[in-house]
Amino acid sequence: IEVLMGRHFFVEPPNCYATFTYGGQEYNTDTHHNATNPKWPNCKYELAYDGQPLSIDFAIMQRKSREERVKIASVTVKWEHFLPGLRKVEDYLVTCLAEGVKDTAAIRVAATLLPEGIVGAPQRPQGPRRKALFVGICYEGTDWYLPKCHEDAEKMKNLFCGHWGFIDSLENTRCLIDWPDAPDSTRPTNANIKAGMRWLVEGAMPGDSLVFFYCGHGSQQLNLDRREKDGFDEVLVPVDAKTEGMLVDDEINEMLVQPLPAGVRLTCFLDSCHSGGGLDLPYQWNPYMEEGASWHLDQGGYYGNADVICVSAAADDETAKGVPAMGERPDFPSGAFAAAWCVACEVHETQCKMNWKEMLGIVKDVCADFKWGQNVQLSSSQNFDLTREFNFHDCIPNSNDKKGPVVNAGMPGFPRRNRLMDPSFSGFKVP
């Protein structure tokens with residue numbers, strides 16, 4: 001297993017650090033000198049694990065001097081089992097053993113099982129590959145014009161290359177942006193976006209991590225095979241959509257998801273209207289459902305082998321908005337959804353490591369502050385625990401026993417209103 005101790009939630013005692021003992025050996029974080037609210041470095045330890053339940057005693061220590069250290073708080077953490085590749089991130093309230101420790105003090109601990117052959121053991125001799133495709137479409141010169149999408153795609157590329165280990169080179173990162181002077185080969189046309197998707201997944205092997213970011217119009221069109229509960233397919237709108245057509249969710253899934261083998265991680269961000277089911281993944285989770293709500297099975301989705309996560313700016317029947325004031329920061333995009341993710345990533349990087357549920361909570365709250373009425377959505381190819389640590393490079397094994405269209409096997413269906421049955425529905429204006 002890999003154990004990580006992050007930030008500790010104390011406000012008064014300085015020179016604090018955490019320790020835990022496992023297999024007769026003590027592990028500890030480094031002292032953060034004279035800090036009253038320390039932002040601790042990542043302290044990861046790989047430990048042998050035999051598959052049995054664990055009980056580990058963690059202690060919060062205060063260094064009084066070079067020779068003296070005092071235990072000021074403690075907690076026993078029990079883990080019954082681990083799922084391969086799944087990192088759980090939780091806060092554990094501690095028992096206070098000294099004055100100055102808050103009753104609500106907690107230590108944040110993350111742990112994951114590293115399975116052979118998937119996480120930590122890439123099949124590529126030169127190591128795992130990281131590839132990313134960024135699409136930004138402003139539709140300049142048309143009545144579909146969207147401001148700032150050019151800049152948003154560039155800023156998101158800078159975020160991933162500057163903070164998440166992706167490399168800004170033609171071999172690893174590509175952008176399709178309709179700059180006025182962009183050559184035909186880099187314009188986000190229907191054909192170029194499809195070619196970009198094929199490039200992204202081509203040759204993917206276990207251990208690889210991929211990212212797809214789209215900022216532009218999204219829309220819907222009638223679903224003709226009656227697989228969508230609401231009666232519509234979600235579509236992305238290329239710059240030449242009027243002549244070459246839309247990119248439909250079914251074909252996006254076929255190009256991006258179905259070719260990937262187990263052990264590959266793909267993360268997609270769709271900053272567009274009507275994008276909740278934009279990848280037709282089988283599992284949907286709505287951050288706005290009541291606490292404790294689980295994944296829902298989308299009858300219009302398709303099972304796959306890889307670990308694919310898609311975060312969308314709005315539900316299928318909602319529009320996505322922009323916040324130009326956010327884009328005034330040189331590193332922040334103008335899209336409300338993308339800007340909210342940058343806020344969450346900043347908290348994750350500078351304050352404390354978070355899990356997917358916590359990250360989505362921040363994105364949800366930031367979007368709510370903008371008061372635009374868009375609800376961020378999460379979909380996945382795998383039914384994973386939302387306490388999984390937020391990361392772009394970890395991967396969980398395939399838990400689906402088949403590929404292809406979803407056949408409802410008892411999970412609750414994802415609630416969608418069929419607007420074709422609504423007498424007030426008068427059709428969509430595309431985009």
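Which helix does Glu346 lie in? Glu346 lies in helix 5, residues 336–350. Helices (H or I, at least four residues) and strands (E, at least two) are DSSP runs, numbered from the N terminus.

This is a predicted model, in which local features need pLDDT of at least 70, side-chain atom pairs count only at pLDDT 80 or more, and totals for chains, interfaces and linings use all residues. Residues are numbered from 1 along each chain as its sequence is written, and side-chain values use heavy atoms, with hydrogens and water left out.

## Helix 5

Start with Glu346. Its relative accessibility is 35%, so Glu346 counts as partly exposed. Leaving aside neighbours within four places in sequence, Glu346 is in contact with Arg329, Phe332 and Gln351. Contact means heavy atoms within 4.5 Å. Glu346 and His163 are 183 residues apart along the chain, and their C-alpha atoms are separated by 9.9 Å.

Now take the whole helix. Among the buried ones are Phe337, Trp341, Cys342, Cys345, Val347 and His348. What do the buried residues of helix 5 pack against? They pack against helix 1, strand 12, strand 16, strand 20 and helix 6.

The length of helix 5 can be checked too. The expected span of a helix is 1.5 Å times one less than its number of residues. For the 15 residues of helix 5 that gives 21 Å, and the end C-alpha atoms are 21 Å apart, which agrees.

In soluble globular proteins, nonpolar side chains tend to be buried together. A nonpolar core is a set of buried Ala, Val, Leu, Ile, Met, Phe, Trp, Tyr and Cys residues joined through side-chain atoms within 4.5 Å. The largest core here has 54 residues. Phe160, Val311, Trp341, Trp356 and Leu378 touch the most other members. Elements that give two or more residues to this core include strand 10 (130–136), helix 1 (149–163), strand 20 (307–312) and helix 6 (356–370). Helix 5 gives the most, with nine residues.

Leu378 shows how one member is surrounded. Leaving aside neighbours within four places in sequence, its contacts include Tyr283, Trp285, Trp295, Val311, Trp356 and Phe384. A second, separate core has 37 residues, including Val201, Tyr214, Leu256 and Leu266.

## Helix 4

Leu256 also belongs to the buried part of helix 4. Helix 4 (residues 249–256) is mostly covered, with six of its eight residues buried.

## Aromatic rings and charges

Rings of Phe, Tyr and Trp (its six-membered ring) pair if their centres lie within 6.5 Å; planes under 30 degrees apart count as stacked, over 60 as edge-to-face and the rest as tilted. By this rule the count comes to 20 aromatic pairs. The rings of Tyr139 and Trp144 have centres 5.9 Å apart and planes at 70°, so this pair is edge-to-face. The rings of Phe269 and Phe337 have centres 6.5 Å apart and planes at 45°, so this pair is tilted. That pair links distant parts of the chain: Phe269 is in strand 16 and Phe337 in helix 5, 68 residues apart.

| Residue | Relative accessibility | State |
|---|---|---|
| Tyr139 | 1% | buried |
| Trp144 | 12% | buried |
| Phe269 | 2% | buried |
| Phe337 | 1% | buried |

Charges can also sit over rings: NZ of Lys or CZ of Arg must be within 6 Å of the ring centre and within 35 degrees of the ring normal. Lys131 lies over the face of Trp199, at 4.4 Å from the ring centre. Arg388 lies over the face of Phe384, at 4.9 Å from the ring centre.

## Cysteines

How many disulfides does a search of the whole structure find? It finds zero. A disulfide is a pair of cysteine sulfur atoms within 2.5 Å. The closest cysteine sulfur to that of Cys138 is in Cys149, 4.7 Å away, too far for a bond. Cys138 counts as buried, at 2% relative accessibility.

Conventions: Buried < 20%, exposed > 50% of the residue type's maximum accessible area, 1.4 Å probe, protein only.
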